[in-house]
Amino acid sequence: MSQFWKPGTERPQGRVVDDEEGGVLFLSGSHHSSSSSRYGYASIDKQRQRLPVFKYRTAILYLVETRATTIIVGETGSGKTTQIPQYLKEAGWAAGGRLIACTQPRRLAVQAVASRVAEEMGVKLGEEVGYTIRFEDVTKPDVTVLKFLTDGVLLREMMDDPLLTKYSVIMLDEAHERSISTDILLGLLKKIQRRRPELRLIISSATIEAKSMSDFFRMRKKRREPENEEHGLQVEPVILSVEGRGFNVQINYSEEPVQDYVQAAVSTVLLIHEREPAGDVLVFLTGQDDIDASVQLLNDEVQTTGKHSSGLIVLPLYSGLSRAEQELVFSQAPRGKRKVIISTNIAETSLTLEGIVYVVDSGFSKQRFYNPISDIENLVVAPISRASARQRAGRAGRVRPGKCYRLYTEEYFLNHMSNEGIPEIQRSSMVSCVIQLKALGIDNILGFDWPASPSTEAMIRALEILYSLRVLDDDAKLTSPTGFQVAEIPLDPMVSKMIIASSQLGCSEEIITIAAVLSVQSIWISGRGIQKESDEAKLRFAAAEGDHVTFLNVYKGFHQSGKSSQWCHKNYVNYHAMRKVLEVREQLKRIAKRIGLVLKSCESDMQVVRKAVTAGFFANACHLEEYSHNGMYKTLRGSQEVYIHPSSVLFRVNPKWVIYNSLVSTDRQYMRNVITIDPSCLLEAAPHFYQLQQSNHLLR
Ligand code: CDP
Ligand code: MG
């Protein structure tokens with residue numbers, strides 16, 4: 001055990017909202033909520049009444065009745081997400097065929113809370129309580145009244161119903177996360193409220209971010225006075241603080257900076273297990289890779305040493321888990337066993353896990369970063385903010401006083417961590433956002449009422465890319481039909497453009513399969529210890545053209561096997577991922593038909609498949625550096641150094657010209673999902689993009 005722990009000097013965290021600010025309504029409630037849901041035998045009703053938010057039921061309903069916008073702040077686990085929609089339904093907001101919506105930034109959270117609420121209401125999921133995430137709609141028209149959905153899906157629904165007329169109340173949950181879609185929705189809903197004064201908005205958040213939300217809704221663009229007051233509604237938003245913090249959490253810091261947080265997390269869990277009394281452990285790492293690695297390390301430990309680690313049940317938690325795996329995470333550990341959940345920051349505020357007493361915080365999460373100059377968007381492992389660190393620690397204090405182990409020094413926490421995170425909109429590519437706003441008829445995007453303005457550079461870059469994809473015309477309006485078609489497909493505009501091109505090239509069947517595979521995380525089974533076998537299996541499908549065509553081979557094999565799970569197992573193909581591919585594929589075909597595309601197969605002509613990929617992804621073209629001995633490529637646009645990812649079938653093959661689907665950044669920038677191209681196709685696909693001066697170089 002190389003870790004030395006030092007208790008922190010920061011005072012235990014107090015309440016969330018301070019009541020001195022104007023506009024903050026503060027109601028007192030009792031301090032400790034004895035929420036014990038799955039640990040006691042209380043009936044569902046009793047459990048519900050024990051949640052901190054229950055004391056505010058009347059206040060919440062009163063505010064929603066009298067205010068256009070209500071902002072609710074409350075600690076994770078206080079019952080905001082699962083209870084408030086039910087209160088609204090009980091109070092009649094779902095009468096007369098209207099719906100109550102509750103958005104979440106994360107798909108997994110949508111599924112988990114919807115199934116919890118269905119369980120609490122004693123109904124089957126998909127009936128009165130349903131959910132919608134991209135490519136998965138578990139609702140029933142005229143039956144579903146409580147609908148949980150991702151913020152992205154609600155944004156898409158506006159394309160068919162710009163005023164969201166079927167909803168009586170919309171709850172934008174997890175607003176403190178400041179996801180890109182939530183930010184856009186905030187701007188749009190503020191507009192909608194002027195047209196639909198009867199629409200009620202609830203913004204719920206786990207942190208004080210609420211204050212800036214309230215300022216945003218208070219501030220009117222131009223000098224227009226609120227029309228809502230005529231309807232007897234108050235427009236001034238109110239912040240309601242739900243007091244319900246559980247118990248104190250003792251913070252421990254690492255004495256020395258940590259070199260390898262996976263290893264440090266594993267040692268810390270073992271140390272907790274050895275020395276601390278019963279209570280589950282929640283570990284925050286960053287993504288599937290490091291989570292799977294640490295699960296494996298802990299399980300190895302359980303198997304080899306046995307004595308210290310017996311009694312540990314180690315479970316991963318990240319998006320992309322199957323239903324059964326999700327359920328394990330939420331279920332109670334058998335008597336005498338200690339549950340260890342190793343999670344992404346989904347467990348920071350979106351999901352409540354019962355029974356957690358110890359938190360191990362790596363200090364990192366995966367975050368999106370965008371560089372408008374190079375036009376590169378990356379998911380990178382980056383330090384979290386102090387606000388996040390406090391949230392993570394808070395997860396340890398729900399059942400009784402807990403402990404948090406921070407895998408970083410106190411000095412680092414105090415002097416080097418940023419106070420708050422940056423809204424996602426300020427670190428993302430604006431391409432999808434611009435196209436959606438254009439499709440909603442919002443032309444002046446820079447002048448849009450943003451809760452936080454995106455950068456001008458990112459905006460200009462987005463306009464330029466959409467123009468080169470021929471989605472926008474010279475006046476920056478959506479082109480017809482391409483622009484409108486691209487907007488209708490719920491995928492990245494480059495993928496959508498590839499699909500549209502494939503319809504003209506006669507290979508839409510193939511390209512839709514590729515698009516479906518690209519929309520799941522990975523179709524391969526990987527992991528420590530099976531790398532060699534899985535690489536060999538991959539070779540059976542490998543196509544000289546690259547990963548996209550390899551996917552077609554896998555899909556064909558899967559289809560011919562009768563969609564067999566044994567076949568997948570034998571070939572190191574992820575069966576769940578393939579089922580998802582089938583589903584997405586069906587949905588994409590339906591959308592393609594609706595927007596007038598031709599469904600056709602090109603059989604074995606892979607040349608047209610490459611052309612279609614190029615038509616969408618020409619901006620991601622790269623060429624091998626002539627004298628490079630280590631497989632270095634340069635992007636044609638920004639001359640960025642990139643390499644083929646080891647998971648690609650073209651790894652070490654290093655063809656001269658390639659196009660990538662996405663970049664992952666670790667020690668280097670790696671291209672994931674790569675296909676070889678013919679450079680002359682680039683000029684054909686985007687002559688204006690690869691201008692004349694480049695063409696000599698291209699044809700060299
Ligand atoms: O949204 P908020 O963080 O305020 O709380 P919530 O998600 O509504 O959770 C309220 C309570 O429901 C928690 O204390 C959990 O005990 C319980 N819950 C659960 O047991 N299983 C779930 N999948 C979701 C919530
Ligand atoms: Mg919640």
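Helix H23 (residues 606-617) lies across strands S22 (657-665) and S23, at about 50 degrees to S22. This is a predicted model, in which local features need pLDDT of at least 70 and side-chain atom pairs count only at pLDDT 80 or more, while totals for chains, interfaces and linings use all residues. Residues are numbered from 1 along each chain as its sequence is written, and chains are lettered from A and ligands numbered from 1 in the order in which they are written.

**Overall make-up**
- The protein has 25 helices and 23 strands; helices (H or I, at least four residues) and strands (E, at least two) are DSSP runs, numbered from the N terminus.
- Of its 700 residues, 46% count as buried, where buried means 20 or more other C-beta atoms within 10 Å of the residue's own, exposed means 12 or fewer, and partly exposed lies in between, with C-beta atoms placed from the backbone.
- Among contacts with a separation of 6 or more, 72% join residues 24 or more positions apart; a contact means that two C-beta atoms, placed from the backbone, lie within 7 Å.

**Domains**
- Five domains are assigned: domain 1 (16-27 + 43-219 + 232-241), domain 2 (249-424), domain 3 (429-469 + 471-481), domain 4 (482-599) and domain 5 (615-685).
- These bounds come from an automatic or database domain assignment.
- The centres of domain 1 and domain 4, taken over C-alpha atoms, are 35 Å apart.

**The barrel**
- Five strands form a closed barrel in the order S19-S20-S21-S23-S22, with mixed pairing; two strands pair if DSSP finds at least two bridges between them.
- On average, neighbouring strands of this sheet are turned by 50 degrees against each other, direction ignored.
- Strands S21 (residues 641-644) and S23 (residues 669-676) run parallel and are joined by two bridges.
- Tyr643 stands opposite Tyr670 in S23.
- The loop between S22 and S23 holds Arg668.
- Because Arg668 has 13 other C-beta atoms within 10 Å, Arg668 is partly exposed.
- Arg668 and Glu641 are 27 residues apart in sequence, and their C-alpha atoms are 8.3 Å apart in space.

**Two packed helices**
- Helix H14 (residues 431-439) packs against helix H15 (residues 456-468) at about 75 degrees, with the axes 9 Å apart.
- Axes are lines fitted to C-alpha atoms, for helices over the stretch in contact, and angles run from 0 to 180 degrees between N-to-C directions.
- H14 is therefore roughly perpendicular to H15, a term for angles of 65 to 115 degrees.
- Val431, Val434 and Ile435 in H14 meet Ala462, Leu463, Ile465 and Leu466 in H15.

Definitions and conventions
Angles under 35 degrees count as roughly parallel, over 145 as roughly antiparallel, 65 to 115 as roughly perpendicular and the rest as oblique.
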